[in-house]
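Reader: I would like to learn how to read the way parts of a chain meet, and how copies of a chain are arranged. Could you take me through it step by step?

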Number of protein chains: 2
Amino acid sequence: MELENHTRESVAQLLRSHGINPTHQRIEIGFALFENPQHRSADEILAMVNARHTETSKATVYNTLKLFVDKGMVRELIVDPNKVFYDPNTSAHHHFYEVATGELTDIPAAGVHIEGLPQLPPGMVTEGIEIIVRTRPGR
Amino acid sequence: MELENHTRESVAQLLRSHGINPTHQRIEIGFALFENPQHRSADEILAMVNARHTETSKATVYNTLKLFVDKGMVRELIVDPNKVFYDPNTSAHHHFYEVATGELTDIPAAGVHIEGLPQLPPGMVTEGIEIIVRTRPGR
DNA sequence: ATTAGAATTTTGACTTTGTCTAACTCCTGC
DNA sequence: GCAGGAGTTAGACAAAGTCAAAATTCTAAT
């Protein structure tokens, strides 16, 4: 799954299917995320989008990433004290986080089970459950 | 457990027992964390320590919190994109995170089981496993 | 074609969190 | 008392992200 070869066209479709008006900048930002799906910081995206020649401002990158998150097109990963990472893979999964290098690796949710979590406080709804396994070069 | 009424004296003991030389500032910072144990940001600690009159600099608060983490006296929580929280409770446990308010609540690890996590890459060691249940006022 | 209005983007200043360096203070053992 | 190390300080700095106002682009109706 998710092995599609993304083109600007397919990204535009993806945007539309999430109720997002596909503007030039949004397509470029989406393309940067989905072309070669990785965990990216806002700064990386900004650099990727402007690699050839400047075409998108910092504010737009931040606005757009927030929009993508709101519309459920990408996921936010809060795992590093310095920067937020954006994860184009929105299917349920968890992460290894290599503390020394900052490297993130997916853990497919299939097969992982969590048992014994307490009830939520009344009136609260789960927005997401994230397991982070912090690792470091060993022993 | 952990219901001790902490005094400056008992905090000094705690520091010594973690191999930390108990200076005036370190005791005050430790006291701020353990007196009424909550999840605190560095800024909060700074404010608490200097509430009566200035006695500790920003740099010392950051240095000291890092030292406490290294020595295993408190735990770092990376859960909010803006700030790191410091958790005086180092026993294994997980967290609810109320996204709207930023409120953190403990989930005791007793009774929670995780199954099916894949092997670590060779040469890697687990530094910690954290489950974060993000919640919001619901439906 | 024209134009009003909405949506989007930009610029650049600003805020917040955290880091760094060099100087300074304090403590300890001699 | 003094040298040396440990700890602390001020303040400048850096990085990530936010914000408001102006500028641009898009849309749809005249």
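Author: Let us begin with a term: domain bounds come from an automatic or database domain assignment. In this predicted model, chain A is divided into domain 1 (8-77) and domain 2 (89-135), and the centres of these two domains, taken over C-alpha atoms, are separated by 24 Å.

Reader: How many residues of domain 1 of chain A are in contact with domain 2 of chain A, and what area do the two domains bury between them?

Author: The size of an interface is often given as the accessible area lost when the parts come together. Here 6 residues of domain 1 of chain A are in contact with 9 residues of domain 2 of chain A, and the two domains bury about 550 Å² between them, with 51% of it on carbon and sulfur atoms. On the side of domain 1, H39(A), R75(A) and L77(A) lose the most area to domain 2, together accounting for 86% of what that side buries.

Reader: Which residue forms a salt bridge with E130(A)?

Author: That residue is R75(A), whose closest N and O atoms to E130(A) are 2.7 Å apart; across the interface of the two domains of chain A, the rule finds 1 salt bridge. There are also 5 residue pairs in polar contact between domain 1 and domain 2 of chain A, and the residues of domain 1 that touch domain 2 divide into 3 nonpolar, 2 polar and 1 charged.

Reader: What rotation superposes chain B on chain A?

Author: Two copies of a chain are related by a rotation about an axis and a shift along it. In this case the rotation is 179 degrees with 0.0 Å of shift along its axis, and the RMSD is 0.1 Å, which is the relation of a two-fold axis. The same surface serves both copies, since 100% of the contact residues of chain B recur in chain A.

Key
Residues are numbered from 1 along each chain as its sequence is written. Chains are lettered from A and ligands numbered from 1 in the order in which they are written. This is a predicted model: local features need pLDDT of at least 70, side-chain atom pairs count only at pLDDT 80 or more; totals for chains, interfaces and linings use all residues. Side-chain values use heavy atoms; hydrogens and water are left out. Contact means heavy atoms within 4.5 Å. Buried area is the accessible area (1.4 Å probe) that two parts lose on being put together, summed over both. A salt bridge is a side-chain nitrogen of Lys or Arg within 4 Å of a carboxyl oxygen of Asp or Glu. A polar contact is a pair of N or O atoms within 3.5 Å; within protein, one must be able to donate a hydrogen and the other to accept it, and residues adjacent in sequence count only if both atoms are side-chain atoms. Ala, Val, Leu, Ile, Met, Phe, Trp, Tyr, Cys and Pro count as nonpolar, Asp, Glu, Lys and Arg as charged, and the others, Gly among them, as polar. Copies are superposed by least squares on the C-alpha atoms of residues with pLDDT of at least 70 in both.
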